[in-house]
Amino acid sequence: MARLVLLSEGFNGRTYELKVEKTTVGRVADNAFEIPEASVSSHHAEIILRGNDIVIRDLGSTNGTFINGEKITEAVLKPGQTLRFGTIDLRLDTGEGSVASAPSGSPAASRKPKQTLDQTVIIPQGVKLDELGSGGGGPPQLGSSTGFEKKSNRGGKIFAILVIVIGLGLIAALAWVLLK
């Protein structure tokens, strides 16, 4: 039976068997296959069993769905390929060729089981300077409008003038009362 094996740190070795025709994958609990990780959308993708094919369909996720590093909207996942939801890597394992699925006495039974390596997969993150949307593709120019300019302090100036006028008025009234 086909299953997905999670490869990312914190989930390493966790598996999910693909038993039903349609499986939803996402961060929230109402998915059949829940992956509670921030880079996975709440309803990230669907896994559809279509004959012998396993079809992955992205559900408009924020961080994308990738097979062997290529972004997909819908594609067939083959055994051994790496599937990525956000920053979580998985591998499709069909169990074919393993000792557990081979009848005893067959050549496959005498082979050693496949050994999976426990390793952290480094996933590049961040944005390169030339990928920023600054129009010309270059770095933003100093002095250009960024939306973070200092606002004028007109309200503060008006308040200061009012305090001075009222203060002078009070001093004049006090002087008038004392000189009377």
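Which residues of the largest nonpolar core touch the most other members?

Modeller: The model is predicted, so local features are described where pLDDT is at least 70 and side-chain atom pairs where it is 80 or more, while totals for chains, interfaces and linings use all residues. Residues are numbered from 1 along each chain as its sequence is written, and side-chain values use heavy atoms, with hydrogens and water left out.

A nonpolar core is a set of buried Ala, Val, Leu, Ile, Met, Phe, Trp, Tyr and Cys residues joined through side-chain atoms within 4.5 Å. Buried means under 20% relative accessible area, exposed means over 50%, and partly exposed lies in between, with a 1.4 Å probe and protein chains only. The largest such core has 22 residues, and Leu4, Ile35, Ile56 and Phe85 touch the most other members. At least two residues of this core come from each of β1 (3–6), β5 (45–50), β6 (53–58), β10 (82–85) and β11 (88–93). Strand β11 gives the largest share, three residues. Strands (E, at least two residues) and helices (H or I, at least four) are DSSP runs numbered from the N terminus. In soluble globular proteins, nonpolar side chains tend to be buried together.

Two strands pair if DSSP finds at least two bridges between them. Strand β1 runs antiparallel to β11, joined by four bridges, and β1 also pairs with β2 in the antiparallel sense over three bridges. Leucine 4 has tyrosine 16 as its bridge partner in β2 and leucine 92 as its bridge partner in β11. Leucine 6 has leucine 90 as its partner in β11. On the side of β10, four bridges join that strand to β11, and the two run antiparallel. There, leucine 83 stands opposite leucine 90. Strands β10 and β11 form a hairpin with two residues between them, and glycine 86 in the turn has a positive phi of about 65°. The loop between β1 and β2 contains glycine 13, which is partly exposed at a relative accessible area of 47%. Although glycine 13 and leucine 90 are 77 residues apart along the chain, their C-alpha atoms are separated by 9.6 Å.

Rings of Phe, Tyr and Trp (its six-membered ring) pair if their centres lie within 6.5 Å; planes under 30 degrees apart count as stacked, over 60 as edge-to-face and the rest as tilted. The whole structure holds one aromatic pair. The pair is formed by tyrosine 16 and phenylalanine 33, and it is stacked because the ring centres are 4.6 Å apart and the planes meet at 10°. Tyrosine 16 belongs to β2 (residues 15–17) and phenylalanine 33 to β4 (residues 33–34), so the pair ties together parts that are 17 residues apart in sequence. Phenylalanine 33 is buried, with a relative accessible area of 1%.

Five strands form an open sheet of mixed pairing in the order β4-β3-β5-β6-β9. Strands β4 and β9 (74–77) stand at the edges with a single partner strand each, so one side of each is left without a neighbour in the sheet. Within this sheet, β3 (residues 22–26) and β5 pair in the antiparallel sense over four bridges, and lysine 22 stands opposite isoleucine 48 in β5.

Glutamate 46 also lies in β5 and is buried, with a relative accessible area of 12%. Contact means heavy atoms within 4.5 Å. Leaving out residues up to four places away in sequence, glutamate 46 touches Lys22, Thr23, Thr24, Val55, Ile56, Arg57 and Leu59. Isoleucine 56, one of the core residues that touch the most other members, is in contact with residues including Glu46, Ile47, Ile67, Leu77, Leu83 and Phe85, its neighbours within four places in sequence being set aside.

Finally, asparagine 68 lies in the loop between β7 (65–67) and β8 (70–72). Asparagine 68 counts as partly exposed at 46% relative accessibility, and it has a positive phi of about 50° although it is not a glycine. Most residues other than glycine have a negative phi.
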